[in-house]
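Hi,

Here is the structure I said I would pass on. Have a look at it first, and then read my notes below.

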Amino acid sequence: MILITGASSGLGASLAQLYVEQDDIAITGRNAERLEQVAESIKCPINSYVCDLSDGQAVTHLFDALPSTPNMIIHCAGSGYFGPIENQSPDAIKTLIDNNLTSAILVLREAVKRYKAQAVTVVMVMSTAALAAKAEESTYCAVKWAIKGLIESVRLELKSSPMKLIAVYPGGMDTDFWPTSGKQTDTNSFMAADEAAGMLKQALQSTAHGYISDLTITRG
């Protein structure tokens, strides 16, 4: 079984459409209506859960509800918030931190706590904003850089574990992310979510003795 977070739109929804062809799927998202639309668009039966991943108890209940141990967890959940630092709202910054950093910490914590001794692959989808500073994306870069630090630190804790932790850095996707971020961006040259999902799925294929641990998906 594969658990995909942030599956109510964008990359998460596209990955659910791809992976349902080969495995049982569980999806989660914050928006109940959009999550239901994604679930209905998938022709095979799937498990869907509305969940606030910044709430530790909700994350625990989500994992409790899964019908089986996932062989892969793909964490796509997140949101954007942009603008000059002096114009950013403290409440919106807190929401940004909750939707991105807090959710990543709690999902990874729960996965490691439960499955550390098992061959479970945890894929943490971030952004190229975790790799380079960008003007008017200061707080967004800050949360993505923090997630990168989280992943690299937990990897050290998992050295003797069969669990795999994979970092993904996509950039330039044409999704609903932009209209809700507050930044006016021309996305005509950006990748479609389906394109990025296809590349990611292909890269996540592993062999008996190797796998891709870090992946940057860049628009052409």
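A quick word on terms: two residues are in contact when they have heavy atoms within 4.5 Å of each other. This is a predicted model, where local features need pLDDT of at least 70 and side-chain atom pairs count only at pLDDT 80 or more, while totals for chains, interfaces and linings use all residues. Residues are numbered from 1 along each chain as its sequence is written, and side-chain values use heavy atoms, with hydrogens and water left out.

Let's start with S103, which sits in helix 4 (helices are DSSP runs of H or I with at least four residues, strands are runs of E with at least two, and both are numbered from the N terminus). S103 counts as buried because its relative accessibility is 2% (buried is under 20% relative accessible area, exposed over 50%, partly exposed in between, with a 1.4 Å probe and protein chains only). Leaving out neighbours within four places in sequence, S103 is in contact with L53, S54, H75, A77 and D98.

D98 is also in helix 4, and at 21% relative accessibility D98 counts as partly exposed. Beyond four places in sequence, D98 touches S54 and S103.

Now for the helix itself. The axes of helix 4 (residues 90-115) and helix 5 (residues 138-157) come within 9 Å and cross at roughly 10 degrees (axes are lines fitted to C-alpha atoms, for helices over the stretch in contact, and angles run from 0 to 180 degrees between N-to-C directions). The two helices are therefore roughly parallel (under 35 degrees; over 145 is roughly antiparallel, 65 to 115 roughly perpendicular, and the rest oblique). Among the residues making this contact are I93, L96 and N100 of helix 4 and Y140, K144 and L150 of helix 5. By class, the contact has 14 nonpolar, two polar and one charged residues (Ala, Val, Leu, Ile, Met, Phe, Trp, Tyr, Cys and Pro are nonpolar, Asp, Glu, Lys and Arg charged, and the others, Gly among them, polar).

Elsewhere, S8 lies in the loop between strand 1 (2-5) and helix 1 (10-19). Is S8 buried or exposed? At 11% relative accessibility, S8 counts as buried. Its contacts, leaving aside neighbours within four places in sequence, include T28, N31 and R34.

Cheers
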